Amino acid sequence: MENMQAVNNFVAAYLKKKGFKEAEQLLEDLQNKDSAPIDFHNDPELAKFIHHFSQSEDDVARYQDGYSKLRSWTYSSLDLYKHELLRVLYPVFIHSFMDMVAKGHLQEARTFFNNFREDHELMHSRDLQKLEGVLSQSHLEEMEFARSLRQSKVNIKICQYSYDLLLQYLHKTQSTAMLGVINEHINFQVSSGQPSSISDDAEVVTLIGSCQDTANQINQKEIHWGLLEDSLEERLEKAGGLLSDSEKTEEENKEGDGDETKKRSVESGKQGASTKKLKKEKALNATAKSARPEASTTPAAPRVKAKLPLPLMYIQSTEVEQSILEDLRNRVQLSSVLLPSVSFYTFLNTHNGLNCSSISHDGSLVAGGFSDSSLKVWDMAKLGQQGGSSILQAENDSTSSEHVVGPNGGKRSYTLFQGHSGPVHSATFSPLGDFILSSSADTTIRLWSTKLNANLVCYKGHNYPVWDVQFSPVGHYFASASHDRTARIWSMDRIQPLRIMAGHLSDVDCVQWHANCNYIATGSSDKTVRLWDVQNGECVRIFIGHRSMILSLAMSPDGRYMASGDEDGMIMMWDISSGRCITPLMGHSSCVWTVAFSCEGSLLASGSADCTVKLWDVTTSAKVPRNEEKSGNPNRLRLLKTLATKSTPVYSVQFSRRNLLFAAGALSKNL
């Protein structure tokens, strides 16, 4: 009887320690009623519970032993199922670590973390760096990243047989600690049939729970992804379409004579193109004109009203209309069989100082932002007149911005803009090329005039380095992204931001405007992309699926799709209206620093630190997944072409209005 009382006291102490007040009260009531004694020894379930509790003080050993055995079993599994089972290890690892910290076993948790972190360094290095800072129980509550992990579940897609194998192992080994972690923090989506491909790993492990619930709720909001009503390009296209065939032929003949000379002095001079290239472009133009009837079968994007007042100069300028009309008439309609011509600008002698590059819409100006806080702009027409090559020399000198040309005729090939007091991380040209914005680690954004070669405005508002800045498609407005976890919308005529977009859990690394200027997209180190309404500053879409920080964004010309590139080399194509990933584009082996859609939206160009430019067939990528869900084919896209540089990581890619692809990068001797 004394033994029974001791067990009762033991159980009561456990319930009190764990805070199970209702169970403690129930046990006390049973004892007070002096009911028949409970036979703990003959009740197998209760005996198992008591046995489990007797080992509760040895939680650390159970976590370490349980994870070590699960890891060994997973790695020794059949190759057919191994890659699916390996997906379970990372969430079990991080939650076992956090559970040990939560129970106060800090030293043992640190040892556990260091022993097994190497298994996950390749795919989750940034997450592990954050978790490495968890040194006490309070950190689990104070750190947003750790708190979001503990409040959410990981969603893992797995085939039925892999799921059965895992459950069989857990029950056979009685790994209660591992079973508890899996039950609490992992949600399995079990599918019939064969295991999914290894190439699908990027999209089969996603975060659910409070984060996903929030995303699902936000993604229900209505958005209007169409193009602006009565936009400039729409009016010009209609005006161009009103010309008769004879008038078009006459104009093309006139332009054929005038344009060849003009292109040599302007575009070809700017881009250093040869006569052979001009002939090739002429042939492409001819092919494109014959292909235009096919392109017209694509359904037109809906029209929406602008939420921002549009700049009057952009709407009313006759020169702008004539320039854009000329570009539209000479635009090459690209497709999977008609790829763009590419003009690549290589920066030399940068001494690893180039942080960013930008190219104006017509390719006439190329800008580079440097670690020495300078911004340099090259005029391609002047380079052509000097008879030099189109290779950009970027000597690290300290000449002041007034002395663009040396006194003894020693001409410098670029214009130097100085004003920032920290490294320049981003630069962007206005649609007409008359202004350029630069953002810096000094927390400021500066507006420069390319005609006056002077700094016009310094915009202050961010509290930390500004990683990216982008002009809107209509000019006048621009958006910035910062280390302070916010994005901001500005106008050229005001020194304070118009809107502040807050919601990301980490740095906002890149920003991009929607085609209709009513939304901006932001990519963050928290591995999500968000879409924001510029009118009220609300988040209207959250795109979840990346497994590393997002470095680049691009919007399709019709505003229907968005592409995002991350640190792991993955590009994801998103449907903006639904917030879902259409298809992952896999091919790059390093960071995707830049992505851009062609003018008609049929191709996507991407530039990476792996020294390649890749061209993707967007039309195929957007249509295939529905059919492939039935066939199970993992190859979800067409990689049309890979253009490799000798040793030049690609910093920026951009299509001109005529669908010529510009790209830029700095020659790296370290590769």
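Over how many bridges do strand β14 and β15 pair? The answer is six, in the antiparallel sense, with β14 covering residues 444-449. Strands here are DSSP runs of E with at least two residues, helices are runs of H or I with at least four, and both are numbered from the N terminus. Two strands count as paired if DSSP finds at least two bridges between them.

A word on the basis of all this: the model is predicted, so to speak of local features takes a pLDDT of at least 70, side-chain atom pairs count only at pLDDT 80 or more, and totals for chains, interfaces and linings use all residues. Residues are numbered from 1 along each chain as its sequence is written, and side-chain values use heavy atoms, with hydrogens and water left out.

Back to β14 and β15. One of the bridges puts Ile 445 across from Tyr 459 in β15. Both strands belong to an open, antiparallel sheet of four, ordered β12-β13-β14-β15. At its edges sit β12 (424-429) and β15 (454-460), each pairing on one side only. Neighbouring strands are turned by 20° against each other on average, direction ignored.

Another open sheet has four strands too, in the order β16-β17-β18-β19, again with antiparallel pairing. Here β16 (466-471) and β19 (499-502) are the edge strands, and the twist averages 20° from one strand to the next. Strand β18 (residues 486-491) pairs with β19 over four bridges, and Thr 486 stands opposite Ala 502 in β19.

Aromatic rings come next. Rings of Phe, Tyr and Trp (its six-membered ring) pair if their centres lie within 6.5 Å; planes under 30 degrees apart are stacked, over 60 edge-to-face, and the rest tilted. The count comes to 20 aromatic pairs. Among them is the stacked pair of Phe 478 and Trp 490, at 6.1 Å centre to centre and 5° between the planes. Phe 478 lies in strand β17 (residues 477-482) and Trp 490 in strand β18, 12 residues apart. Both are buried, meaning under 20% relative accessible area with a 1.4 Å probe and protein chains only. Elsewhere, ring pairs join Tyr 67, Phe 93, Phe 97, Phe 112, Phe 113 and Phe 116 into a cluster.

As for helices, α5 (residues 79-102) and α9 (residues 144-151) pack at about 105°, with axes 11 Å apart. The two are therefore roughly perpendicular, a label for angles of 65 to 115 degrees. In contact terms (heavy atoms within 4.5 Å), Ile 94, His 95, Met 98, Asp 99 and Ala 102 in α5 meet Ala 146, Leu 149 and Arg 150 in α9.

Key:
Axes fitted to C-alpha atoms, helices over the stretch in contact; angles between N-to-C directions. Parallel < 35°, antiparallel > 145°, perpendicular 65-115°, else oblique. Buried < 20%, exposed > 50% of the residue type's maximum accessible area, 1.4 Å probe, protein only.
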